[in-house]
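Reader: Can you walk me through this one? I care about rings and charges.

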Amino acid sequence: MKRYDDLFIDFDDTLYDTHGNAVIALHELFDTLQLGKWFPDANVFYDEYWKANIDLWTRYSKGEISRDYLIVERFRRPLSFGQGLEPTADYCLKVSDIFLDYCSSKPGLVDGAQELVEYLKLCGYRMHMCSNGFHEVQYKKLRACGLTEYFDTVILSEDAGYNKPAPQFFDYALQKSGADRNSTLMIGDNFRTDILGAKRSGIAVAYFNRFPEYPAAEQVDYEVTSLRMLIGIL
């Protein structure tokens, strides 16, 4: 078993339950803004939000759209389905600010995350958070879920100037963390951005496959379906 010194770890939906926390935040947002006045069926708003969010984050990770475009558009699209509601850019920014405040204050973690990071810390690994998330939001999430102390370095795409899976992101992460490419392992749930990005940058990978009915599309160093399985590997 190869020994690694440094671990690059994705944050959203690998350790932090971004989706679960966002579901709660969306319901809070719907109530706060009284969107029921325009949406007789709240599920229309929720469904359209997730469609837009998945599409926009995929395009953002490819560098096809800007951060500012994503922030406005992911709410403009679902809000445009409201009957009689005309979502201006200013209104969408207001909605986004409220939503991000709700989201980033939630402490929910993916099952096994706390146990894993405690184990890895005790083992002496240096841990580095590698995320495409927004700077101010990611730090607030870290504080909310209590994982700040476990990371030696926080590496964000906004600081790197590139999003995962760009090789420049991983080059920046290696430089920022002081890690050696040959003794570093990337752990993440997104096969394209986390796993293929790191693999093509010459970094070993552990794919956290949360949906095992869809196995890894390419050979990986490790594939697990729960975070606790990593304890048996590392």
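Author: What follows covers aromatic pairs, charges over rings and one glutamate. This is a predicted model, where local features need pLDDT of at least 70, side-chain atom pairs count only at pLDDT 80 or more, and totals for chains, interfaces and linings use all residues. Residues are numbered from 1 along each chain as its sequence is written, and side-chain values use heavy atoms, with hydrogens and water left out.

Reader: How many aromatic pairs does a search of the whole structure find?

Author: The search gives 16. Rings of Phe, Tyr and Trp (its six-membered ring) pair if their centres lie within 6.5 Å; planes under 30 degrees apart count as stacked, over 60 as edge-to-face and the rest as tilted.

Reader: Why is the pair of Tyr49 and Trp50 edge-to-face?

Author: The planes of Tyr49 and Trp50 are at 75 degrees, with centres 5.1 Å apart, so the pair is edge-to-face.

Reader: Which residues do ring pairs link into a cluster?

Author: Phe30, Phe39, Phe45 and Tyr46.

Reader: Now charges. What lies over the face of Tyr125?

Author: Arg3, at 4.2 Å from the ring centre. The test is NZ of Lys or CZ of Arg within 6 Å of the ring centre and within 35 degrees of the ring normal. Arg67 has its charged end over the ring of Phe134, 4.4 Å from the centre.

Reader: Switching to Glu115. What does its side chain make a polar contact with?

Author: The side chain of Arg228, at 2.7 Å. A polar contact is a pair of N or O atoms within 3.5 Å; within protein, one must be able to donate a hydrogen and the other to accept it, and residues adjacent in sequence count only if both atoms are side-chain atoms.
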